[in-house]
4 protein chains.
Amino acid sequence: MTPPLPSGPARPPRIGALASGPLDAITDVPGVSVGHATRDAGDVQTGVTVVRPHAGDPYRDKVPAGLAVINGFGKSAGLLQLEELGQIETPIALTNTFSVGAVAQAQIRACVEDNPETGRRLPTVNPLVLECNDGFLNDIQRMAVGESDYRAALASAAAAFAQGSVGAGRGMSSFQLKGGIGSASRRAPVRHAATHTVGALVLANYGLLPNLIWAGQAIGPGIATRIDDRARRQAAEAEKGSIIMVLATDAPLDARQLRRLALRAAAGLARTGSVYGHGSGDIALAFSTAYTLPHRPEAPQPAPTLVHESLLDSLFQAAADSVEQAIVHALWHAAPVTGRDGHHRAALRSFLPTTP
Amino acid sequence: MTPPLPSGPARPPRIGALASGPLDAITDVPGVSVGHATRDAGDVQTGVTVVRPHAGDPYRDKVPAGLAVINGFGKSAGLLQLEELGQIETPIALTNTFSVGAVAQAQIRACVEDNPETGRRLPTVNPLVLECNDGFLNDIQRMAVGESDYRAALASAAAAFAQGSVGAGRGMSSFQLKGGIGSASRRAPVRHAATHTVGALVLANYGLLPNLIWAGQAIGPGIATRIDDRARRQAAEAEKGSIIMVLATDAPLDARQLRRLALRAAAGLARTGSVYGHGSGDIALAFSTAYTLPHRPEAPQPAPTLVHESLLDSLFQAAADSVEQAIVHALWHAAPVTGRDGHHRAALRSFLPTTP
Amino acid sequence: MTPPLPSGPARPPRIGALASGPLDAITDVPGVSVGHATRDAGDVQTGVTVVRPHAGDPYRDKVPAGLAVINGFGKSAGLLQLEELGQIETPIALTNTFSVGAVAQAQIRACVEDNPETGRRLPTVNPLVLECNDGFLNDIQRMAVGESDYRAALASAAAAFAQGSVGAGRGMSSFQLKGGIGSASRRAPVRHAATHTVGALVLANYGLLPNLIWAGQAIGPGIATRIDDRARRQAAEAEKGSIIMVLATDAPLDARQLRRLALRAAAGLARTGSVYGHGSGDIALAFSTAYTLPHRPEAPQPAPTLVHESLLDSLFQAAADSVEQAIVHALWHAAPVTGRDGHHRAALRSFLPTTP
Amino acid sequence: MTPPLPSGPARPPRIGALASGPLDAITDVPGVSVGHATRDAGDVQTGVTVVRPHAGDPYRDKVPAGLAVINGFGKSAGLLQLEELGQIETPIALTNTFSVGAVAQAQIRACVEDNPETGRRLPTVNPLVLECNDGFLNDIQRMAVGESDYRAALASAAAAFAQGSVGAGRGMSSFQLKGGIGSASRRAPVRHAATHTVGALVLANYGLLPNLIWAGQAIGPGIATRIDDRARRQAAEAEKGSIIMVLATDAPLDARQLRRLALRAAAGLARTGSVYGHGSGDIALAFSTAYTLPHRPEAPQPAPTLVHESLLDSLFQAAADSVEQAIVHALWHAAPVTGRDGHHRAALRSFLPTTP
């Protein structure tokens, strides 16, 4: 479907001094899995990506979570309740802006299937759907994503997963180049305690090419002179994008601490050249897998010993670094895509010098 | 469909000392209109209510707005961007919790129809859909509300509109009695300036009967002894509800001031006996019709002289009073409804003493 | 100094259905103590009130806390860090608006005395000083409160303490009557768990007389016709006030839950006739004594089993009721005071009918 | 007092592509002035810096402002009301953590002098004092800063002002090197409108040396190997710092827009190597000089035509760039200081290679 990636350096640059987990992906956090459903037919270049916090039913065993709204130009669903209750009760779904409603309905139906009294004897469920606008490559008005895409993405969730122009990332653009899904992880040494893992998964759909900083190198202006006139013209037409940044950690943190962790995504994002543009929905959320919050008050309740507040710094560093690395991976893995009305986004790798 | 209301006092009690507008409804704010689509067939007792801020296209001419999240246990759509940008760009839709996705999609499609480049050359649109859970009377799992309901509600919007068990209010419960749609308005004298109107529309689906305060009278405990055992048993089963409070004003306020105005809905709500229960999504938003914000930066921009901050108190009083009055109206107008699995909610009026 | 209270009913009205603790005061929460320092000489009618969360050093053993800013027209110190870290590390001090700086300095000095490396090897300390403007009765420009007042209030902290026109409440006005310090407590039954106590202490300096609701009775307008012309004229001159509401509980809650608890103070406040006026700094904070957060990461860390989110409602009711009761107590106990320039505030009790 | 700066490159590196104003300082925004009072005697190495938004009395003519709390580990005064009302009513004062109270009192007294009814017939005033902890070089426990320092700083305010180890910056450390005051400005072209200026002033007291990025160059690790053992040991002792970032603009923005502008300081900060450490109070505020808000409602009120929301991006870029440039200037201009207990901070410039 998409041409093979042009040659370039053998591997993506590394961000920061902390070690990665074995996969250098969010799935280095034990229990986390990721799945995609990709739609790539002509003018339809879109999809769904799902992050499952654990293998069980998050409605019955919720995970603590925090939210950082860096720029709230966005249409994500489920954030209101996440902020109030500090917890997530569905898998985290990513998709395009106009498909939030369809995916939210799919999440409701999946929850009802597993918990037939949802919305009756049990409370309703809070679908968590995050989005970016892939309208440059994808005919977003078709609302092509449906319930089956969510189900397929969920069913395919695994520790190993593809990055780049897949799932919700299929139609995304970043820095007038091809964006999409990227992931990374970092190991954070916490004093007097086991080392913990922070993992990031981003849906990258933001950025102006002249501002692109690639692992500390301001490569944007150079590439800007090399993309063709048509891309430049199309770029000027395109709406500015967004980025969704999902952080997972096995460190025992509560919702307030997870909000603090999520905010550090803003630092990783800024180091790639973003100033959180007006039209960019820049949203970060973080969850912990260290304990779960049972739906039923009669169930045994957790009593986690949280990380002492003064020991959060290495986790903060890991959050910023894994987000920047995840963005690097998103651009690195992004295969070029031609979509709606012949709009095209080139791969960043085709502009990188080849390492012999 | 529903039986005639039992007799009771001739008219609802009045809240506070401020005068009402001629309709004592949110539509006393010039330009505001309200429409309903009601679904009342057996287990399906639900619907859509739409508040239009003005007769034009709010995508092209947005209205300034502010949000107050009193208790964020809710699944409303569109609040993230409302908070960031301080503006509303679709009609305000109210519906049941599981129909947010469908109504949001309907709003997107309506916007695309009117603005064909939405999500292409133009930015996407931010659907604004607020919800309560009507699952006690309505089989919410059927997701019966569809695009046509939104369209019908929108098409029927007018200055005169029904209250009680209609539109989104069809299946709502309040204080273990029938809840639903209520509206009211108050005139706020602002020193050295024209008097302004504040109007409220609520979707009332909250409250525990023993706590009910009716225009200052603690009538809840007395009624609680009179509802039958079955209602009490059902009440104990039912999830706690929510309340959506929409405020409109013709006073020239900006988004920050409108957030302050919206927060005063919490005072009106508390005076009816609510302590903002854990499971109740208590959301207030306020918008001003005094000026609009054009979508296009090339268009002439407004230069409103805002109300001086120190003169807001009468507007705050009007907000609290109109919300309490709107709740009184919701309960007053609510016809009894029997719905899902024979669940029944009685009308408050059947418990009020008749005034000869 | 102040004349004896005129006769009236034998005891203040009771709010709500929940039982009180034995003292009906915030000090029913085990470990909490309250002290005052009162300045009452001519034009100086002011003071300091201190709430100690526990008998130890809160810098070394911090308490979890949450903040609800209902109306942020206020100059309190220490709220920024309280919100970020969700903890309190000094006693909670209340005083007049212009004395916040002096009391904050006193708190710093007290902390340095107990922890000599504060601001050197140890971090600095976050003084927590909440305020209302007593400028109607007190010559606030004199900044009469000094470090010794804070020390005296702290030293006098005990489970038994005076209410009304004492401590920080000395110069406060409420509803154009004498306001000040009030306190109350409620016992909240939490399912499958021990009953917990919620206590409130308020510094009441808010309200317009015609709006006063006294335990559900709208007595304000009647009293308004009876206060003399001079009081009315002075009332018209006076700036609108503020209210500080401090909640304590022995329920194991975290900072996020405590913020939710604190917000319910808004309901209790509204039921007394407040709509959170523009110029009124209406601030609520809540802390838990169920566990402490050690300053040093090397110390043993707590692992509390928090109250399940769905069981918070009785605590919310207790918060709203104890705040309303504390306001009732503040007005009930408030002795009349004549202060700056002969300004006078009468006691509410002189307007209440005598119960034989 | 301090030795002359060692040689190094002739001028500091430039950040970004936007042009600076003539001074490359916050005072390029017309009407803004800056003054310092510096205390540099032995163990006392501290001071006050004042930013005046305009030459008049900001109590009578307030300026619209917005706040972005990036990390709320801080003790600044005045932020609560700034957030609620979106305005500033005193000059902006910067000082050390333990002197906030003294400077706040000085601000109150200055306001009372100019407006004798403050706190009587007029409302109280909201002192705005921002702080960092200079306890490594300064004996902060002495609370050496007094009212006269605030007055001196205010009196010296001018368009031309010193940067580096002066005023509040005297005792500040950054990246284990000498930090302090820095300033910069950028010109932002806004489509279909006049170009506007954004100016920044920072009080830099944050950062870990290995993380330092200097205009895109990761020079931190190299310098870390060159500072002597004693500095490293002292560094390990020192508390982590903070940064205050004040933004001014002549663009007509309201408080909500100014909050958005202020948040972009986080991007500039991140590009220098910060991940917003746990113990770092990272606070940004932005104000506009395009119009003022009169204290008295009877006064003529402004009716500004605000910048269209979709045109904010160049201002956002200017905010991020001017903050990063201001940090560069703070480090560039910082002369070495020896203070408390012989603690010493070297100047960054002594580690930069000399440009011939």
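I take a salt bridge to be a side-chain nitrogen of Lys or Arg within 4 Å of a carboxyl oxygen of Asp or Glu. With that in hand I went through this predicted model.

**Entry: chain A against chain B**

I looked up Arg120(A) and found its side chain in a salt bridge with that of Asp139(B), at 2.5 Å from N to O. For polar contacts I got 16 residue pairs between chain A and chain B, both residues at pLDDT 80 or more. Then I checked which elements of chain A touch chain B: β3 (61–72), α1 (79–85) and α2 (100–114) each give two or more residues. α2(A) gives the most, with 6 residues. I sorted the residues on that side of chain A into 16 nonpolar, 16 polar and 10 charged.

Next, the extent of it. I have 42 residues of chain A in contact with 42 of chain B. The buried area comes to about 3,800 Å², with 57% of it from carbon and sulfur atoms. Arg120(A) turns up again here: with Leu80(A) and Gln141(A) it supplies 19% of the area chain A buries against chain B, more than any other three residues.

**Entry: aromatic pairs**

I count 4 aromatic pairs over all chains. In chain A, Phe175(A) and Tyr206(A) sit edge-to-face, 5.0 Å centre to centre with 70 degrees between the planes. Phe175(A) is in the β7–β8 loop and Tyr206(A) in the β10–α4 loop, so the pair ties together parts 31 residues apart in sequence. Phe175(A) is buried at 1% relative accessible area, and Tyr206(A) is buried at 3%.

I looked at chain C too: Phe175(C) and Tyr206(C) are edge-to-face at 4.9 Å and 70 degrees. Both are buried.

Technical notes:
Residues numbered from 1 in each chain as written. Chains lettered and ligands numbered in written order. Heavy atoms only, no water. Contact = heavy atoms within 4.5 Å. Buried area = accessible area lost by both parts, 1.4 Å probe. Polar contact = N/O pair within 3.5 Å; in protein donor to acceptor, adjacent residues only side chain to side chain. Helix = DSSP H or I, 4+ residues; strand = E, 2+ residues; numbered from the N terminus. Nonpolar A, V, L, I, M, F, W, Y, C, P; charged D, E, K, R; others polar. Phe/Tyr/Trp six-rings, centres within 6.5 Å; stacked < 30°, edge-to-face > 60°. Buried < 20%, exposed > 50% of the residue type's maximum accessible area, 1.4 Å probe, protein only.
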